[in-house]
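Here is a short note to read beside the model. Please keep the structure open while going through the points.

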Amino acid sequence: MKRETVAIHEGYTKDSQKTMAVPIYQTTAYDFGNADFAADSFNLKQGSDNIYTRIGNPTTSVLEKRFAKLEKGSASLAVSSGMSAIFYSILNIAESGDNIIASSQLYGGTTTLFTHTLKRLGIEARFFNIDNPEEIEKLVDSKSKGIFFESLSNPTITIADIEKIAEIGNRHGLITIVDNTVATPILCNPIDFGIDIVVHSASKWTTGQGLAIGGIVVEREGLWKKIDGNPRYSQFYTPDESYHGLKFTDEVARDALFTFRMRLILLRDTGAVLSPFNSWLFIQGLETLPLRVQRHSENGLAIAKFLESHPKVVAVNYPKLESSKYYELAKKYFPNGANGLLSFEVGDYEKAKKIVDSVEIFTLVANIGDSKSIITHPASTTHQQLSESELQQAGISAGLIRLSVGLENVDDLIQDLENSLNKV
Ligand SMILES: *Cc1c(COP(=O)(O)O)cnc(C)c1O
């Protein structure tokens, strides 16, 4: 089935009520009926998947199946935010004394997680420039556990050479993790290019209306072959003491081993669970995601072209502009559009501030991926916690403005920007 059909139907089997909409199973727990069935459920034998909503819920399960299929993966786990999806994907592979290798061009929250919070847990992040993935080679050692990067980065709008990074990861037996939030599962599927794990903040284009916080981790089919016997990942194939000696590479678990371990160990013990109501909101959003992302991409390109032609704009970052240094990579990885995220440079802090303060349709918000157009000044908001050198490394200057182009009429949006630019 094609993605538009998957986005509407995948993962939902109607129960006796035959409701067309996926029901919201707003419940904490489930009736086991008898002691044997309860024991089998807890033992992961023939019982039920429904034990306790912290580790699984039927509404959330529809979202997980649908998202996994859209990303061409074999299984997925939904969690309470994009940040917890990223954190769990790292905790699943690394512990104190280990290191991960990450791109410098990352979402601000991911940068602080990697440089400060993981450090306090004893996990070191080593950074490479997304434009030079060869740098990864110099950073790998026996304690390296994964490579992390963004396919289309927020807010610097860089495009990664996904296939090249997957190849380096494979050569070193390293798990590759990509944050595919800005690409959405509609514009690019990194698993097609050999990536192992795809994470998303569902808080952005998935509902598309800025309604809820959530995150998803998707794994590719056959990942167990890379993990089984690999000295970097012994926790997956040595018996787990906290789960009666379960091995995640055993046949029962192997097609979902990465997300299965996250669910059984990390969700069980640390509990960043997605609420069934939020799962339901994401399911509604997915139904129209292919349509919306197409329009976001068309509007994004039209605005990028307008800005590029404006004398007060110093530079525009949008990969679908022929002038972009990512144009060739965009052709390969984003053949159908590059969504509505773009940034432009106006020269200095004061000019950026004036524009941000004078637009009328664009709203100053620390978010992206809404049907309502959003303007952000990263240096004073989302990336404020980064040091001067971290900002420079991430390619963010004082005069950089980020736009998340929404679904309003594009002529109105262009007029709004034109009016503001004329004031500086
Ligand atoms: C927003 C965002 C995140 C964090 O997701 P939350 O759902 O806000 O926790 C991570 N990565 C990228 C690229 C994002 O845009």
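This is a predicted model: local features need pLDDT of at least 70, side-chain atom pairs count only at pLDDT 80 or more; totals for chains, interfaces and linings use all residues.

1. **Helices α4 and α5.** How do these two helices cross? Two packed helices are described by the angle between their axes and the distance between the axes. Here, helix α4 covers residues 82-91 and helix α5 covers residues 108-120. Their axes come within 11 Å and cross at roughly 40 degrees. Angles under 35 degrees would count as roughly parallel; α4 and α5 are therefore oblique to each other. The crossing of α4 past α5 is right-handed.

2. **The α4-α5 contact.** Which residues make the contact? From α4 come M83, I86, F87 and I90. From α5 come G109, T110, L113, F114 and L118. By class, seven residues in this contact are nonpolar and two are polar. None is charged.

3. **The β-α-β unit.** Helix α5 also belongs to a right-handed β-α-β unit, with β2 and β3 as its strands. Strand β2 spans residues 99-103, and strand β3 spans residues 124-128. The two run parallel and are joined by five bridges.

4. **The five-stranded sheet.** What is the strand order of the open sheet? It reads β8-β9-β12-β11-β10, and the pairing is mixed. β8 (315-317) and β10 (363-364) stand at the edges. Each has a single partner strand, so one side of each is left without a neighbour in the sheet.

5. **Inside that sheet.** Strands of a sheet pair through backbone hydrogen bonds, either parallel or antiparallel. Strand β9 (residues 341-345) and strand β12 (residues 400-404) pair in the antiparallel sense, over five bridges. S343 has R402 of β12 as its bridge partner.

6. **A helix across the sheet.** Helix α13 (residues 349-358) lies across β10, β11 (374-376) and β12. It runs at about 30 degrees to β12.

7. **Two backbone details.** Most residues other than glycine have a negative phi, and most peptide bonds are trans. Where does the model depart from this? The peptide bond from N154 to P155 is cis, with omega near 5 degrees. P155 sits in the loop between β4 (144-150) and α7 (162-171). K18 is not a glycine, yet has a positive phi of about 55 degrees. K18 is in the loop between α1 (3-9) and α2 (35-42).

Methods: Residues are numbered from 1 along each chain as its sequence is written. Side-chain values use heavy atoms; hydrogens and water are left out. Axes are lines fitted to C-alpha atoms, for helices over the stretch in contact, and angles run from 0 to 180 degrees between N-to-C directions. Helices (H or I, at least four residues) and strands (E, at least two) are DSSP runs, numbered from the N terminus. Angles under 35 degrees count as roughly parallel, over 145 as roughly antiparallel, 65 to 115 as roughly perpendicular and the rest as oblique. A crossing is left-handed if the near helix is turned anticlockwise from the far one by less than a right angle, and right-handed if clockwise. Contact means heavy atoms within 4.5 Å. Ala, Val, Leu, Ile, Met, Phe, Trp, Tyr, Cys and Pro count as nonpolar, Asp, Glu, Lys and Arg as charged, and the others, Gly among them, as polar. Two strands pair if DSSP finds at least two bridges between them. A crossover is right-handed if, with the strands pointing away from the viewer, the path from the first strand over the helix to the second runs clockwise.
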